[in-house]
Amino acid sequence: MGELILCRMPIAGSPYYIEEKGINIYSLEELSYYIANSTYLLTPAFMNRQLISWIGRELKEVKLEKELEELLDESTPLHIFCGHILESNGLLTPYEIRETVKKISELENKSEAECRKIRADSMRKNGHLTDSIYEYENLLDRKIELRIPIGLEGDIWHNLGSAYMGLFFFREAENCFRNAYEKNHRQQSLRALLMAFLVSKNEEGFQKEVDHFLVSPALVDEIRKTIKDEENREDLLASKDEILKEFEEDEKGRVQASDKTTKRLNDWKAEYIRQCRI
């Protein structure tokens, strides 16, 4: 479902095209919405005379146009330039403007690869796992072009593995975590790799990785205990036993689940479908 943006300021007859998103902008409110929700895509190239001219010509915001021209001539940082646009209309609250400007400032000195990783991480954390997978894989495909350092490449592989785990694609996740550990040498990636094998009940694969990476017995025991403790969580066991009991056949060979269990299963199904949605 899309979002409705209430525009109180002038609407442009000719839109401003934003190539990074492939969208047309018709108002300052829409421009502010784009800035606030696409901080990871903003670069110094966003500050350009075509945008400033469009604001003055199409939106009749001559005063704002002049102010932005002065900021551009003074080589003002991107976050200040964007903050000036955000403050020119009432779409965002003062708090939202401060937070947006802060995010832009933090991203200003990051590379394109780092910004796109942040974008994919945000998708993954918000449950849009399939979208994040495409973004991570696109980054890895362009690693030479984007000059991605090997450590960052490893972190991308790790988060790609986390996305696959969320979709129960254990084999793909195992491959990602292995690539991650070989590049970033983070124990977190090694632990994730071994846990992926245990979660998928692949004891042979688990032992092979333990031997290959010379994993200490202490870490092996710790990982096994972590997985066992998680599997034995009372709430998970109760849910499992309750559902299995309801799906046992009665004396007439019928299976009837309660409304509560049916709802729980449908909720899980809907959540999984939502995570897979492109």
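Is Cys 176 buried or exposed in this model? Cys 176 counts as buried, since its relative accessibility is 3%; here buried means under 20% relative accessible area, exposed over 50%, and partly exposed in between, with a 1.4 Å probe and protein chains only.

A word on the ground rules: this is a predicted model, where local features need pLDDT of at least 70, side-chain atom pairs count only at pLDDT 80 or more, and totals for chains, interfaces and linings use all residues. Residues are numbered from 1 along each chain as its sequence is written, and side-chain values use heavy atoms, with hydrogens and water left out.

1. The model has zero disulfides, a disulfide being a pair of cysteine sulfur atoms within 2.5 Å.

2. The largest core. A nonpolar core is a set of buried Ala, Val, Leu, Ile, Met, Phe, Trp, Tyr and Cys residues joined through side-chain atoms within 4.5 Å. The largest one has 37 residues, and those with the most contacts inside it include Ile 148, Ile 156 and Phe 206. Elements giving two or more residues to this core run from α6 (112-125) to α12 (217-231) and include α8 (150-166) and α10 (187-199). Helices are DSSP runs of H or I with at least four residues, numbered from the N terminus.

3. Ile 148. Beyond its neighbours within four places in sequence, Ile 148 is in contact (heavy atoms within 4.5 Å) with Ala 113, Leu 139, Lys 143, Glu 153 and Ile 156.

4. Helix α8. Your geometry check comes out well here: the 17 residues of α8 should span 24 Å at 1.5 Å a residue, and its end C-alpha atoms are 25 Å apart, which agrees. That expected span is 1.5 Å times one less than the number of residues. The helix is mostly covered, with twelve of its 17 residues buried, among them Glu 153, Asp 155, Trp 157 and His 158. Its buried residues pack against α6, α7, α9 and α10. Just after α8, Phe 168 takes a positive phi of about 65°.

5. Asn 48. This residue sits in the loop between α1 (28-37) and α2 (49-58), and counts as buried at 15% relative accessibility. A polar atom of the Asn 48 side chain lies 3.1 Å from the backbone oxygen of Ala 45. The backbone oxygen of Phe 46 also lies 3.1 Å from a polar atom of that side chain. Leaving aside neighbours within four places in sequence, Asn 48 is in contact with Tyr 16 and Leu 72.

Notes: Polar contact = N/O pair within 3.5 Å; in protein donor to acceptor, adjacent residues only side chain to side chain.
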